[in-house]
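Please read it alongside the sequence and the coordinates.

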Amino acid sequence: MKKTYYQKMAVLGMLLLALTVFQNYTDKSDEKFPELTFISEDLPSESLSEFDPNDLDEAQWQKLGFSEKQTATILKYKKIVGGKFLSKEQFKKCFAVSEEKYAQLENLILLPETNAEAKGSSNFKSFEKKSIHITKKFNPDQLSQIDWQKIGFSERQAAAILKYKNYLGGSFVSKEKFKECFIINDENYQKLEPYLILPSKTPAGYNPYSGKSFSSKNKFQHTNFDPNTLDIGGWIALGFSEKQANVIVNYRDRNLKGSFKTLEDIKNCFVISPEKFEELKPFIRLNPSTMAKKSDDKISEFKQEKTDFSKTDLNSITFKQLLEFGLDDKSAGSMIGFRKKLGGFMTKEQILETYNIDKELVQKLLSIAPLDNSKVERYSLVNAPEEWLKNHPYFKYSADKIIYYRISNPDDKKDLEIIEN
């Protein structure tokens, strides 16, 4: 009897042990994996400048947002294609460059679009490798484009350095920030660093949105001012960069129709940081008479320049009239530029093919304004001048083939007529 009892207890103990082991196993299998954080390869578009990919070293590629592995692949691919990239088309084929990353960089790459253009263009040449030459200490904030070129940078590199400075708000701030300019590789930075008259470290109060440090030591000594009477120079005197000053004046004159009405209007201007607004607030004096005068001036200006768009030909409409209709500078400039390349619009549908336009607003313009194409030059592909073909947006990439076909088959015009249609 006792033997049977002990046997049952042993079996029960085995079952309990098996259940415990199973429980521990399932608990471990349910453990959550650590949360993964992905680092974006995107950079603020304002911090990027035009560049020749043949000029960049490993550190500069990484400053553009590529990983070490991607950078090594790009440099290896460059060697495979002959030691330098000939065109954007060739660069894009490197599998380490994603579609998204290429789209971000495409307009900044200083290369022809295709290999054919690179071989056929007499204007394209790689940048000369110049050595950096500097003999005395200098403040990089005070250097012009010519000064940077004298130091040893190419024209485009010098322009890119100044663009980066403007992105920072008009000052390099510190040696740390200066080093982050992707145009300046580590080798050149080591040559320049002993001569830079800049703080080694970025100030603790540095604000990346305004490019200024708002510590009490760096505050400007302000007096009372009326923001409706300040021009660009006046805003610069208050501590803003030239670019920021332009934005403020445009915001006031265009968005607010000529004048700030309340303190909230000033605060809402996105280039005026909350800290800068609080710094200026005690000195702001909104004069009702300047608000009224600005508004009256703006009203009279609109009355004077009002255009009847129902009678304005789209092939003669001006940049200023497009702004009056409501297009921004970029849309208006793109539309005028595309019209010039075409030699004039033949149809309204062509206008909608323009890059960088507000299509909804342009569609509204097309529904109102007429299009007269009677003065637009017309050619068939049989008799189109060679220069016209090579400069026309629709035919420039196939111009050589068309010209070759015309020369090779002078009596066969049917195929060209088919191509034209």
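How do the residues of the lining of the largest pocket divide into nonpolar, polar and charged? They comprise seven nonpolar, nine polar and 11 charged residues. The model is predicted, so local features need pLDDT of at least 70 and side-chain atom pairs pLDDT 80 or more, while totals for chains, interfaces and linings use all residues. Residues are numbered from 1 along each chain as its sequence is written, and side-chain values use heavy atoms, leaving out hydrogens and water.

**Largest pocket**
- The largest pocket has a volume of about 1000 Å³; a pocket is an open set of points on a 1 Å grid over the protein atoms alone, with protein on both sides within 12 Å along at least five of seven lines, for a 1.4 Å probe, and lining residues have an atom within 4 Å of a point.
- Of its 27 lining residues, F338, K341, Y355, P393 and K396 lie nearest the centre.
- Helix 17 (329-342) and helix 20 (386-391) each supply at least two lining residues, and the largest share, eight residues, comes from helix 17; helices are DSSP runs (H or I) of at least four residues, and strands (E) of at least two.

**Surface patch**
- M9, V11, L12, L15, L16 and L19 form a nonpolar surface patch with about 590 Å² of accessible area together; patch residues have over 30% relative accessible area and no salt bridge, and nonpolar side chains are joined within 5 Å.
- L16 is located in helix 1 (residues 2-29) and is exposed at 51% relative accessible area, where exposed means over 50%, buried under 20% and partly exposed in between (1.4 Å probe, protein chains only).

**Salt bridges**
- The count of salt bridges is nine, each being a side-chain nitrogen of Lys or Arg within 4 Å of a carboxyl oxygen of Asp or Glu.
- One of them joins E113 and K88 (3.3 Å, N to O).
- E113 lies in the loop between helix 5 (99-105) and helix 6 (115-120) and K88 in helix 4 (residues 88-92), so the pair ties together parts 25 residues apart in sequence.
- E113 is partly exposed at 29%, whereas K88 is buried at 7%.
- D253 and R252 also form a salt bridge, with the closest N and O atoms 3.0 Å apart, and both residues are buried.

**Buried loop residue**
- F172, in the loop between helix 8 (155-167) and helix 9 (175-179), is buried with a relative accessible area of 0%.
- F172 and N139 are 33 residues apart in sequence and 9.4 Å apart in space, C-alpha to C-alpha.

Terms used: Patch = residues over 30% accessible without salt bridge, like charges linked within 9 Å, V, L, I, M, F, W, Y side chains within 5 Å. Areas by Shrake-Rupley, 256 points an atom, 1.4 Å probe, with all protein chains shown as cover. Points joined across faces, edges and corners; volume = space filled by probe spheres on them. Nonpolar A, V, L, I, M, F, W, Y, C, P; charged D, E, K, R; others polar.
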